[in-house]
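Have the model open beside you while you read.

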Amino acid sequence: MSAMNFWMKMLNIDRRWIFLAIAVVVIVPFFARMGLPLIPNREVRSIYDCIDSLGPRNALMIGWDFDPSTDAENQPMGIALLRHAFARHVPVFMTAYLPLGQGLANMALEQVSDTTVAGNFVIVPWDAWEPFRAQGAEGRDSLEAAWIAAGHRLPEGSRGWVFEGVDLAFLGYQPLFYLVILGMGNSIASQFPSDANGNPVAEMPIIQAHKNLRQVDLAVTLAGSSACVTWIVYGTAKVGLRVAFGVTAVMATDYYPYIQSGQIIGMMGGLRGAADYEVLETQGGYTSSTGRAYRGMDVQSLAHLAIILMVVLGNIAYFASGMRKKTALKAGR
Amino acid sequence: MYDLIGIWVAAILTLAIYSFLYKENPLYRLAEHLVVGTSLGYSIVMIWNQLLFPRLWQPLTHGQDWTLVIPALFGILYITRFYPRVAWLSRYPIAFLLGTGMGVGFPLDMQALVLRQIEATIIPIYAPGAPFDVSLGTVVIVLGTLAALIYFFFSKPHRGPFFGTGSKIGIWIIMIGFGATFGFTVMGRISLLIGRVQFLLGDWLHLLH
């Protein structure tokens, strides 16, 4: 077989061989952990630093503005943000732009509160601490003290308590979310009379301390579509809400201009963005080890190398097989 | 138990979807239709649970707020689209939604997506004391924006030192943008595959720790 024939065959290779090669490259590195170094980028660090400067008197809003199709990229971001906020006792509002987003937000909460995993949090449901509420223990510290005094103990390895209604309001989904953001500029409770679990939002201490978006310090939208822009248009432009993006890699380049214009304080782009955040959390001592996103980065790096190799081989084949001359002739050049 | 069933169903459907990479088959089509059907069903239940029941049905049936009858009837007019003789009635809720949407959204869209973006390109090219990389970035932003705009200016032939060179630089800037977007796209698609492989190897087969 001449060299030209070989390269022609390469150009006409059945694409299923390429799929198989990618599958091998993606599966094998999971069993040979390399731990390639990852240096968090500036856009992710600015989100981390912002949340790291918040405390129990501030509030963070996280929007699960994606559906299951981008779960692999967006969900690790949400989990990392929740862990960071809960560790610092920053009250968190959880919303969803899409109906399916609410289920994904619930799954993120389940993962963060899975007490079989070390470093997680125990979520105390709104109804569970009702007797303490009746006694007037609504401040976070007094509530936690009363809760522990009542004999409740953290499971081994758990990092802390998260009291629903104080540390967390799982607001969930509402349709026409752009109008919801607009309405939350005046009153969050008016847009969400009850939370995703049916609890009365207006009675929650978190809402009494943070009545509207003007009293929220940062909103992070985790999006797999242009839904994230809604937060800038109706949050930042209308009430001056500070916004950060957690978007899929495909969308990332579209939204860099918003960092440069100062409309968002930072951005997590794809799985890499989530891995960066996990690294920062581990460096900050909030988690003992990195999570799923970081683990995927070794695989990501090798898969990229494989794709670069294929692009190079494809180009060599294109020129070496004489294909360039043929296409040039067809094009009349 | 239910979690285990869920994981098995998810794993089988994942493999069914990926079977398309070999060739199209009935299993793939079944999984594809299931995605559409379950997503729609889930959304309907969510809208009923989160909106229609607590914010319309309950207040109406408990006599708390009879004014809700007006938006409810207005919304129901959408359904008239299915009946040709009265289909014209559906134009009113559509017109209302379009009108309010434009009225509310247009000024804010202009402010956030157009004016703020233009403002971000009107910056001093040289700021005394600024680090070199920041100054270089500023020059690239200003010249890149101008060059890309020149490329899209079609009322003059792209010849000569201003339009010719400007449009050539513009096409390079646009190509670099496309390249960056394509790179991120590859990264995104691989990330999605990684997510599924993590699920299959970890949650389903318990091969990852």
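1. Before we look at domains: their bounds come from an automatic or database domain assignment. On that basis, chain B splits into domain 1 (1-64), domain 2 (66-122) and domain 3 (125-204). The C-alpha centres of domain 2 of chain B and domain 3 of chain B are 34 Å apart.

2. A word on ground rules. This is a predicted model, where local features need pLDDT of at least 70 and side-chain atom pairs count only at pLDDT 80 or more, while totals for chains, interfaces and linings use all residues. Residues are numbered from 1 along each chain as its sequence is written, with chains lettered from A and ligands numbered from 1 in the order in which they are written.

3. Now chain A. The C-alpha trace of chain A spans about 90 × 45 × 30 Å along its principal axes. Chain A holds 15 helices and eight strands; these are DSSP runs (helices H or I, at least four residues; strands E, at least two), numbered from the N terminus. Of the 333 residues in chain A, 47% are buried, meaning that 20 or more other C-beta atoms, placed from the backbone, lie within 10 Å of the residue's own.

4. Chain A has two domains on the list: domain 1 (1-32 + 294-333) and domain 2 (38-290). Their centres, taken over C-alpha atoms, are separated by 42 Å. Four residues of domain 1 of chain A are in contact with seven residues of domain 2 of chain A, where contact means C-beta atoms, placed from the backbone, within 7 Å.

5. Take a look at helix H14 (residues 292-320) of chain A. After H14(A) comes Gly322(A), with a positive phi near 80°.

6. What covers the buried residues of H14(A)? The cover includes helix H2 (15-27), helix H4 (71-87) and helix H13 (270-283) of chain A, together with H6 of chain B. Among the buried residues themselves are Tyr294(A), Met297(A) and Val299(A).

7. Strand E1 (residues 60-65) of chain A is worth a click. Six of its six residues are buried, so E1(A) is largely enclosed by the rest of the structure. Leu60(A), Ile62(A) and Trp64(A) point one way, and Met61(A), Gly63(A) and Asp65(A) the other way. E1(A) runs parallel to strand E2 (residues 92-96) of chain A, joined by five bridges (strands pair if DSSP finds at least two bridges between them). Gly63(A) sits opposite Thr95(A) in E2(A).

8. Next, where do the chains meet? In all, 40 residues of chain B are in contact with 43 residues of chain A. Helix H2 (26-61), helix H4 (91-121) and helix H6 (160-204) of chain B are the elements giving two or more residues to chain B's side, and H6(B) gives the most, with 18 residues.

9. Ala252(A) counts as buried because it has 24 C-beta neighbours inside 10 Å. Leaving aside residues up to four places away in sequence, Ala252(A) touches Val247(A), Met267(A), Gly269(A), Gly270(A) and, from chain B, Phe184(B).

Note on methods
Contact = placed C-beta atoms within 7 Å. Buried ≥ 20, exposed ≤ 12 C-beta atoms within 10 Å, placed from the backbone.
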